[in-house]
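Subject: The structure you asked about

Hi,

Have it open while you read, as I go through it residue by residue.

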Amino acid sequence: VQLQASGGGLVQAGGSLRLSCAASGRTFSNYAVAWFRQDPGKEREFVAGITWNGGTTYYGDSVKGRFTTSRDKAKNTVYLEMNSLKLEDTAVYYCAARKWGVSTGYDYEYWGQGTQVTVSS
């Protein structure tokens with residue numbers, strides 16, 4: 001499975017962005033998918049995750065109530081809708097996939113290349 005994250009960019013604080021994670025090579029409909037982010041000098045942080053069937057979602061404490069993840073199986077794509085963006089949301093965002101349930105750790109089989117999100121004041 002190859003993952004391609006896209007949709008990052010520059011946005012003002014309070015604004016919104018939607019990231020996409022598209023899979024190619026094979027369907028990842030049986031995979032849980034998560035979003036992580038990493039700012040230089042900081043550890044990679046779990047942001048959100050969604051189970052293989054989209055039935056359950058998980059969020060890091062710092063984004064609860066502001067971010068929403070969803071998946072479109074027909075398009076083989078997972079989304080991260082980010083609202084009320086804050087300066088501290090600035091980071092490179094990665095998507096990752098694994099066969100079993102969502103994990104907040106780094107134990108994912110496949111990783112995308114990352115997309116930069118920059119929130120300005």
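Asp61 and Lys64 form a salt bridge, with their closest N and O atoms 3.2 Å apart. Both partners are exposed: that goes for Asp61 as well as for Lys64. Before I go on, do keep in mind that this is a predicted model.

How many salt bridges does the structure hold? There are five. Arg37 takes part in a couple of those I looked at. Its side chain meets Glu45 in a salt bridge at 2.9 Å, N to O, and the side chains of Asp89 and Arg37 meet in another at 2.8 Å. Asp89 sits in the loop between β8 and β9 while Arg37 is in strand β4, so this pair ties together parts that are 52 residues apart in sequence. Asp89 and Arg37 are both buried. For Arg37 the relative accessible area is 6%. Glu45, on the other hand, is partly exposed, with a relative accessible area of 30%. Through shared partners, salt bridges join Arg37, Glu45, Arg66 and Asp89 into one network.

Next, the cysteines. The count is one disulfide, and it is formed by Cys21 and Cys95, with the sulfur atoms 2.2 Å apart. Which hand does it have? The torsion about the S-S bond of Cys21 and Cys95 is about 75 degrees, so the disulfide is right-handed. Cys21 is buried at a relative accessible area of 0%, and Cys95 counts as buried at 0% too.

Then there are the aromatics, where the count comes to six pairs. Take Phe36 and Phe46: the ring centres are 5.7 Å apart and the planes are at 80 degrees, so the pair is edge-to-face. Phe36 is in strand β4 (residues 32-38) and Phe46 in strand β5 (residues 45-50), 10 residues apart, and the pair links distant parts of the chain. Phe36 and Phe46 are both buried.

Phe36 also pairs edge-to-face with Tyr108, at 5.6 Å centre to centre and 75 degrees between the planes. This pair, too, links distant parts of the chain, with Phe36 in strand β4 and Tyr108 in the loop between β9 and β10 (110-111), 72 residues apart. Phe36 has a relative accessible area of 0%, and Tyr108 counts as buried at 7%. Put together, Phe36, Phe46, Tyr106, Tyr108 and Trp111 form one aromatic cluster.

A couple of arginines join in here. The charged end of Arg44 sits over the ring of Trp111, 4.9 Å from the ring centre. Arg98 lies over the face of Tyr108, at 5.5 Å from the ring centre.

Last, some backbone angles to look at. Asn76 has a positive phi, near 55 degrees, although this residue is not a glycine. Asn76 is found in the loop between β7 (67-72) and β8 (77-82). Is Asn76 buried or exposed? At 16% relative accessibility, Asn76 counts as buried, because the cut-off for buried is under 20%. Ser84 is another non-glycine residue with a positive phi, in this case near 50 degrees. Ser84 has its place in the loop between β8 and β9 (91-98), and at 40% relative accessibility Ser84 counts as partly exposed.

Cheers

Terms used
Residues numbered from 1 in each chain as written. Predicted model: local features only at pLDDT ≥ 70, side-chain atom pairs only at ≥ 80, totals over all residues. Heavy atoms only, no water. Helix = DSSP H or I, 4+ residues; strand = E, 2+ residues; numbered from the N terminus. Buried < 20%, exposed > 50% of the residue type's maximum accessible area, 1.4 Å probe, protein only. Phe/Tyr/Trp six-rings, centres within 6.5 Å; stacked < 30°, edge-to-face > 60°. Lys NZ or Arg CZ within 6 Å of the ring centre and 35° of its normal. Disulfide = S-S within 2.5 Å. Salt bridge = Lys/Arg side-chain N within 4 Å of Asp/Glu carboxyl O.
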